[in-house]
Amino acid sequence: MKSWWFTEDCYPHLPDQSTYRSIRVDLPNAHCDPDIAHDLYNRYLDLWCACDEIGLGIMLNEHHQTATCMVPAAPIMLGILARQTSKSRLLILGNPLPNRNQPVRVAEEMALVDVISKGRVECGFVRSVPYEAAAANILPYQGSERMWEAHDLIMKAWTTHDGPFNFEGKWYHHRQVNIWPRPYQQPHPPVWITMGSAGSAVKVAEHKHVGAVFLAGYPRIRTVFDGYRQAYLDAHGVHAPLDRLAYLGLCYIGENDREAEEGARKLLWYMEANKVPPEWSNPPGYHPPPVSAQVMKGVTGSGVPTNPTLEEQMARGNVFAGTPDQVFEQIKSFWEYSGGFGHMLMMGQAGFLSDADALKSMKLYKKEVEPRLIELAKNADPAELWEKSKAMPVKEGVDLGNFGVEFVR
Amino acid sequence: MTTPTPTMRTWFFTEDCYPDLPPQDEWDSIRVELPNRLCEPENAHRLYNEYLDIWCAADEMGLDIMVNEHHQTATCMVPAAPIMLGILARQTKNARLLILGNPLPNRNQPVRVAEEMALIDVISKGRLECGFVRSVPYEAAAANILPYKGSERLWESHDLIMKAWTTHDGPFNFEGKYYHHRQVNIWPRPYQQPHPPVWITTGGPGSTEPVAMHGHVAAIFLAGYSRVRPLFDAYRANYLKHHGTHAPLDRLAYCGLVYVGDDERAAEKGANELMWYMQANKVSEPWKNPPGYHPPQVAAGIMRGAHISGSGAAYSTDLKEHMRRGNVFAGTPDQVYEQIKAFWEYSGGFGHMLMMGQAGHQTKDDTLHSMKLYTEEVYPRLRELAATWDPEEIMEKRKSMPDQEHAEITDLSVDFVR
C-alpha cells in the first residue's frame with residue numbers, strides 16, 4: 001500500500017458564505033489578497049516538502065477561478081517539487097485534458113518535470129469537474145471522449161523517438177510532433193485516471209492505468225472498483241493487481257479523540273465551502289441527460305455534499321479520523337469492503353487547518369498507520385479480496401462505534 | 001516628483017541547450033525534426049539542474065534572471081518556461097524573474113498564460129517581469145499553428161491577458177477576432193499592481209510602435225551596430241509621440257553574448273564556447289520560412305537564397321565578426337566594459353543588458369567565473385555609466401558617431417580578434 005498526501009491549496013479567508021452565490025467561477029478575485037496568497041503557497045509547498053522528508057508520496061491538482069484551490073497550473077507546482085524533493089513520487093491528479101486544447105504542450109510539460117525529477121512523475125489525467133467548463137471556456141459535452149483522444153496523442157508523443165509524427169484525430173490535430181525532452185521514465189511515466197462510474201472505469205482498466213476514485217464512500221465504491229476489476233479481467237485475463245486502484249478520503253490522525261475531532265472538523269471545510277449554483281455545477285452537456293435531469297429536479301446533488309456532518313461523512317467512508325488505531329480500523333474496514341486498493345490518497349490539509357496540525361497528523365500516519373496498512377495489503381490476493389467483498393452485504397455506511405470513535409456519536 | 005536615477009540591470013540568460021549531439025553533418029535540422037532519442041534523459045536531468053544552479057547563483061550574486069522557451073529543439077530544452085520560472089520563484093530571493101517570453105500566438109489559451117504568470121508573480125512576491133513574443137519561424141511547425149498575422153494574434157492575446165490581470169470585480173467576457181473567452185476571473189490575481197511589467201521583443205522599427213504606446217519594455221536581440229539605431233530610435237520616436245516625454249532608459253533592453261575572462265586567452269576560450277549558440281543553429285528550409293510567417297517580399301528573398309540572420313546582416317558564425325557587429329562582448333573586465341560602453345553610447349543607451357552568458361558545452365564553473373568577474377568588475381561601472389544618461393545629451397553626443405555596420409577591430413582592444 002502506498003500513501004499519498006494531498007492538499008488542494010485553498011484560500012480560506014473569505015467573507016461569510018451568505019454574502020456570495022458561488023465560491024467557484026465568479027467569486028471576484030478582489031478577495032484574493034496577494035500577500036496572504038504568497039504566504040499560503042509557500043506554506044503548502046513546505047508541507048509537500050515535508051512529505052519528502054517523512055516518506056509519503058506527494059499529490060497535487062489544479063482548479064481554476066476558485067478559492068477552493070489556488071493553483072490554476074499544477075505543472076508549475078509540480079516543477080517546484082521536482083526540484084526541491086528527492087525521494088517522493090510526484091502525483092499530479094490531474095491534468096484536465098478536455099480543458100487544455102494543446103495536448104502536445106501537456107506532454108512536453110510532463111516530460112520536462114519527469115526529467116527534472118529524475119523519473120518520479122506519476123501523471124494523472126482527468127476529465128475535470130463540471131465547474132471547470134465555464135472557467136476553461138469549453139463545451140463540456142463528450143469531455144471523456146476528448147480526454148481519451150488527448151491521452152492517445154500524449155502517449156504517442158511520449159513514446160515516439162525516431163522523429164516527427166502526425167496526429168489527425170476527431171478533436172485534436174497536430175503535425176510534426178517530436179517533443180524535447182522525452183520523458184525520463186521508459187516507456188513513459190505511469191498514468192492515473194480518475195473514475196466516477198463503472199462505465200468510466202472500463203477504458204482505464206483496458207489501458208492498465210491506475211484508476212482513482214475520490215470520496216465515493218461505502219455507497220459507491222464497489223460499483224466503480226468492480227467495474228474496473230471486471231473490465232481488467234475481461235481485457236487481460238488476469239486479476240487487476242491492487243496497485244491499479246486508488247481511493248481518496250479526508251484523513252486526520254490525532255493523539256487523542258479531542259485532537260482528532262478538531263482536526264477532522266477543520267478538514268471538512270473542503271466540503272462545507274463548496275457552495276456552487278447550478279449554472280456552474282450542471283453546465284449543459286457535462287452530465288448525460290438522465291443525470292442532468294435528476295440534478296435539476298433536486299433528486300441528487302452534483303458533486304460534493306454541501307451540508308456534510310462529520311459523523312455522516314465518517315460513517316460513509318469519506319473521512320477517516322481518530323487516533324492511529326481508530327484510523328487504521330476505519331481504513332481497513334473500507335479497504336476490505338471495497339475489495340482492496342493499493343494507493344491511499346489522503347487529503348490531510350484543508351481550510352484553516354494549521355501547518356503544525358497537518359504535520360503532526362502526517363507524522364502519526366506515517367509512524368503508526370501506514371506500516372499497518374502496508375502489512376495488511378502485503379500478501380493480499382486480489383482475487384480473494386474481491387470474492388470476500390462480494391460476499392459482504394451492500395451497505396451505505398458503518399457504525400463508527402465499531403472503531404471506538406466516540407466524538408461523533 | 002523626482003525622476004529616478006537611470007540605471008542598468010543585467011539579466012543572466014542561458015537557453016538551456018542539449019549540446020551533446022552527433023556531428024552536424026549527420027543531421028539536417030537541429031529544430032523540429034531532430035529525433036528526441038538523441039535527448040538522453042539522464043544527461044538532460046543533469047543539465048537542467050546545472051542550469052537552475054547557475055540561475056540560483058545569479059540571484060546570490062545580485063544579477064537578475066532571464067528564461068525563455070522553445071519547442072522540439074536541442075538549442076533549448078525548455079518547452080514550458082513557466083515551469084522553470086516557478087522553480088526560480090520559489091528558490092531565489094532577490095532576482096527579478098524575466099520570462100522572454102511567452103510565445104503568445106503559439107499558445108491558444110491566453111487566459112491560462114495569465115493564470116500561470118499571476119501564480120508565479122504571487123509565489124515570487126512580485127518579482128515577475130512578463131515577456132510576450134511572437135516567436136521565431138521554427139516554432140510554427142512545433143506549435144502546429146498558422147504563423148500568418150502572428151503579431152496581430154500576439155497583441156490580441158496580450159489585451160486579454162492584461163484584462164484578466166487587472167479585472168477584480170468579477171467575471172468579464174472577451175470576444176476578439178482570434179480569441180474568445182467568457183467568464184474570465186482568474187485566481188490568483190497578480191501580486192504586482194496594477195500588473196507585472198511587460199516586455200515585448202521587437203525585430204523591426206514598425207513593431208516598436210505598439211510596445212512604445214503601451215509603455216512596455218522593448219527587447220532587441222543581437223541586432224548589432226547595423227540595426228540597433230533604427231530599432232531603438234523607432235521606439236524612442238513612438239514613445240515621444242504617444243506620451244509626450246522621452247522614453248526612460250529602462251524601456252529598452254539589448255541581448256548579446258557576454259563572456260568575461262581573467263585574461264584574453266580565457267576570454268577567447270569562453271567566447272568561443274558561447275558561439276555554439278550561433279553555430280549550432282542548422283535548420284532545414286521548411287522550418288526557417290514557413291508560409292505566412294514573413295511578409296511576402298522577405299519570404300521571396302529567402303527563397304532566392306538570401307542567407308540572412310535576424311538582424312538582416314549576412315549570416316556568419318565567426319566570433320571575430322560577431323564581436324565587430326556588437327553581438328558578442330568578450331575579453332577581460334576592462335575590455336568587456338569598454339565594448340559594452342561603446343555599443344551603449346552608439347545606440348543611444350539602454351537600461352537592460354540581457355547577458356547570454358552560457359551556451360553549448362560551457363561548464364557551470366566557467367560560467368560562474370565569468371558571472372563573478374562581470375558582477376564585480378563590469379556591472380558597477382555600467383551602472384555608473386547609466387546614471388549619467390540623459391536622453392537629449394546622449395543624442396547630441398551620438399551626432400559625432402556616424403551610423404556604422406560594426407565596431408572597428410582596433411576599438412575592441414582585444415588581441416584575439418585582430
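Where in chain A is P187(A) found? P187(A) sits in the loop between β6 (173-177) and β7 (191-194) of chain A. The structure is a predicted model.

## Cis peptide bonds in chain A

Most peptide bonds are trans. The peptide bond running from Q186(A) to P187(A) is cis, and its omega is near 0 degrees.

A cis peptide bond also links L93(A) to G94(A), with omega of about 10 degrees. G94(A) belongs to strand β3 of chain A, residues 90-96.

## Positive phi in chain B

Most residues other than glycine have a negative phi. Q72(B), which is not a glycine, has a positive phi near 55 degrees. Q72(B) is part of the loop between β2 (64-67) and α2 of chain B. Q72(B) counts as buried because 27 other C-beta atoms lie within 10 Å, and the cut-off for buried is 20 or more.

K149(B) is likewise not a glycine, and its phi is positive at about 60 degrees. K149(B) is placed in the loop between α4 and α5 (150-166) of chain B. K149(B) is partly exposed because 13 C-beta neighbours fall inside 10 Å; a residue with 12 or fewer would count as exposed.

## The nonpolar core and Y228(A)

In soluble globular proteins, nonpolar side chains tend to be buried together. The largest nonpolar core in this model has 268 residues. Y228(A) and I65(B) are the residues with the most contacts inside that core.

Neighbours within four places in sequence aside, Y228(A) is in contact with M195(A), A201(A), V204(A), A205(A), G211(A), A240(A) and L245(A).

## Helices α6 and α7 of chain A

Two packed helices are described by the angle between their axes and the distance between the axes. In chain A, helix α6 (residues 198-206) packs with helix α7 (residues 217-236) at an angle of about 40 degrees, and their axes are 8 Å apart. The two helices, α6(A) and α7(A), are therefore oblique. Their crossing, that of α6(A) and α7(A), is right-handed.

On the α6(A) side, the contact involves A198(A), G199(A), A201(A), V202(A), V204(A), A205(A) and E206(A). On the α7(A) side, it involves T223(A), V224(A), D226(A), G227(A), Y228(A), A231(A), Y232(A) and A235(A). By class, the residues of this contact between α6(A) and α7(A) are 10 nonpolar, 3 polar and 2 charged.

## Helix α3 of chain B and its partners

The axes of α2(B) and α3(B) cross at roughly 15 degrees and come within 8 Å. The pair α2(B) and α3(B) is therefore roughly parallel, since angles under 35 degrees count as such. The crossing of α2(B) past α3(B) is left-handed. From α2(B), the contact takes P82(B), L85(B), G86(B), A89(B) and R90(B), and from α3(B) it takes E116(B), I120(B) and I123(B). The contact of α2(B) with α3(B) includes 5 nonpolar, 1 polar and 2 charged residues.

α3(B) also packs with α5(B), at an angle of about 50 degrees and with the axes 9 Å apart. α3(B) and α5(B) are therefore oblique to each other, and their crossing is right-handed. P110(B), V111(B), V113(B), A114(B) and A118(B) of α3(B) meet S157(B), L160(B), I161(B), A164(B) and W165(B) of α5(B). The contact of α3(B) with α5(B) has 9 nonpolar residues, 1 polar residue and no charged residues.

## Contact between the chains

The contact takes 51 residues from chain A and 51 residues from chain B. On the chain B side, at least two residues each come from α1 (41-61), α2 (81-91), α3 (110-123), α4 (139-143) and β6 (180-184). α3(B) gives the largest share of the side of chain B that touches chain A, 7 residues. That side of chain B consists of 26 nonpolar, 15 polar and 10 charged residues.

## L231(B)

L231(B) lies in helix α7 of chain B, residues 224-243. L231(B) is buried because 22 other C-beta atoms lie within 10 Å.

Neighbours within four places in sequence aside, L231(B) is in contact with T202(B), P205(B), T208(B), I220(B) and A223(B). From C-alpha to C-alpha, L231(B) and G206(B) are 8.5 Å apart in space, while in sequence they are 25 residues apart.

Definitions and conventions
Residues numbered from 1 in each chain as written. Chains lettered and ligands numbered in written order. Predicted model: local features only at pLDDT ≥ 70, side-chain atom pairs only at ≥ 80, totals over all residues. Core = buried A, V, L, I, M, F, W, Y, C linked by C-beta atoms within 7 Å. Contact = placed C-beta atoms within 7 Å. Helix = DSSP H or I, 4+ residues; strand = E, 2+ residues; numbered from the N terminus. Nonpolar A, V, L, I, M, F, W, Y, C, P; charged D, E, K, R; others polar. Axes fitted to C-alpha atoms, helices over the stretch in contact; angles between N-to-C directions. Parallel < 35°, antiparallel > 145°, perpendicular 65-115°, else oblique. Left-handed = near helix turned anticlockwise from the far one by under 90°.
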